[in-house]
Amino acid sequence: MTDLDQFSQSLARNLKRLRTERGYSLDALAARSGVSRGMLIQIEQARTNPSVGTVVKVGDALGVSVTTLLDHEREPPVRLVPAREAVRLWSTESGSHSTLLVGAEAPGPLELWRWRLEPGESSTSDPHPPGTVELLYVTEGELTLSAHGGDHLLAAGTSAYLEADVPHGYRNDGAAAVEVTMAVNVPAPR
């Protein structure tokens with residue numbers, strides 16, 4: 001089974017389980033998430049490879065992290081995630097990628113990511129639920145963070161706090177690759 005097949009099957013199984021546990025119909029989840037009913041059906045049947053943005057929207061609507069949508073089992077009190085089990089959610093031919101390293105529900109979704117952006121590449125995000133916070137640490141290169149009406153340049157060694165309930169994005173305008181470690185905390189659903 002390929003990584004993509006494993007990703008699709010885990011997402012399908014967990015989406016259906018979580019939607020059912022919350023008593024959401026496909027139409028109700030579509031309305032909450034902004035993801036079409038047809039796309040939700042394809043995801044639940046493991047017939048599509050949804051974008052990261054789609055997975056995030058569905059997780060936000062269900063009040064769970066991307067980790068919970070992808071995990072095979074419920075979390076034990078201590079969980080080690082070897083590098084080979086980290087989940088790469090997107091990549092480009094030139095080598096940019098984001099990898100979910102580990103996540104938890106604490107009490108809302110909490111995720112730790114490693115991102116790489118090659119020169120000239122970018123990633124944008126729709127607003128997350130109110131109260132969502134992203135913490136960034138640039139380990140290599142120079143990252144441009146676009147949010148709250150401006151661009152913010154983060155050189156290697158710089159950390160940032162971002163209230164992520166607005167459209168935001170990350171860009172590499174430099175000549176070298178950018179490596180970033182990011183933590184995302186989404187408030188627990190009310």
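I begin with G95, which sits in the loop connecting strand 1 (87-91) to strand 2 (97-105). Please bear in mind that the model is predicted. With a relative accessibility of 25%, G95 counts as partly exposed. Leaving aside neighbours within four places in sequence, the residues in contact with G95 are R116 and E118. I would also draw your attention to A177: it is 82 residues from G95 along the chain, and the two C-alpha atoms are 9.0 Å apart.

Is S146 buried or exposed? Its relative accessibility is 19%, and the cut-off for buried is under 20%, so S146 counts as buried. Once neighbours within four places in sequence are set aside, the contacts of S146 comprise D151, P167, H168, G169 and R171.

Finally, I turn to helix 2, residues 26-33. Which residues of this helix are buried? They are L26, L29, A30 and S33. Viewed down the axis of helix 2, these buried residues fall within an arc of 105 degrees, and therefore they line one face of the helix. On the face turned away from that buried side, we find the exposed residues D27, A31 and R32. Just after helix 2 comes G34, whose phi is positive, at about 80 degrees.

Methods. Residues are numbered from 1 along each chain as its sequence is written. This is a predicted model: local features need pLDDT of at least 70, side-chain atom pairs count only at pLDDT 80 or more; totals for chains, interfaces and linings use all residues. Side-chain values use heavy atoms; hydrogens and water are left out. Buried means under 20% relative accessible area, exposed over 50%, partly exposed in between (1.4 Å probe, protein chains only). Contact means heavy atoms within 4.5 Å. Helices (H or I, at least four residues) and strands (E, at least two) are DSSP runs, numbered from the N terminus. The arc is that of the directions from the helix axis to the C-beta atoms.
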